[in-house]
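This report examines selected features of one protein model. The sequence and structure are shown first, and the discussion follows.

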Amino acid sequence: MQPLNAWFFATVASLGLTVFQDVFPSPGLASGLFTNTRRAGAVLAGVLIAVLGAFPDPYRAVYVAAGVIVLLVLAGAAAVANRGRAAAR
């Protein structure tokens, strides 16, 4: 299973870095932000899981929190896309 895990991580990391380099014009800025946000995300996820572990149903709390975070990110991405379209007009 380790080779599959390594393949998946390499795919996600390379696609993420490619997206960051498309969004930010400076390659150094893009790779630095990508690396730092990945690390910050890992730290914050650990803290969130630890806090939600105190709930009566911790598994459900973690999944609900993950769903809320995904919805917030999608709403933010939609708002940025709409702002970009409005600025292009």
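With which residue does Arg60 form a salt bridge, and how far apart are the closest N and O atoms?

## Salt bridge

The model is a predicted one. In it, Arg60 forms a salt bridge with Asp57, and the closest N and O atoms lie 3.6 Å apart. This separation qualifies because the criterion is a side-chain nitrogen of Lys or Arg within 4 Å of a carboxyl oxygen of Asp or Glu. A search of the whole structure finds 1 salt bridge. Side chains of opposite charge can pair when their charged atoms come close.

The two partners are described by their relative accessibility. Arg60 has a value of 57% and counts as exposed, while Asp57 has a relative accessible area of 35% and is partly exposed.

## Ala65 in helix α3

Ala65 is located in helix α3, which covers residues 58-88. Is Ala65 buried or exposed? With a relative accessibility of 16%, Ala65 counts as buried, because the limit for that class is under 20%.

When neighbours within four places in sequence are set aside, Ala65 is in contact with Leu48 and Leu52. Leu52 is 13 residues away from Ala65 along the chain, and their C-alpha atoms are separated by 8.6 Å.

## Nonpolar surface patch

Trp7, Phe8 and Val12 make a nonpolar surface patch of about 370 Å². Of these residues, Val12 has its place in helix α1, residues 2-23. Val12 has a relative accessible area of 44% and is therefore partly exposed.

Key. Residues numbered from 1 in each chain as written. Predicted model: local features only at pLDDT ≥ 70, side-chain atom pairs only at ≥ 80, totals over all residues. Heavy atoms only, no water. Buried < 20%, exposed > 50% of the residue type's maximum accessible area, 1.4 Å probe, protein only. Helix = DSSP H or I, 4+ residues; strand = E, 2+ residues; numbered from the N terminus. Contact = heavy atoms within 4.5 Å. Patch = residues over 30% accessible without salt bridge, like charges linked within 9 Å, V, L, I, M, F, W, Y side chains within 5 Å. Areas by Shrake-Rupley, 256 points an atom, 1.4 Å probe, with all protein chains shown as cover.
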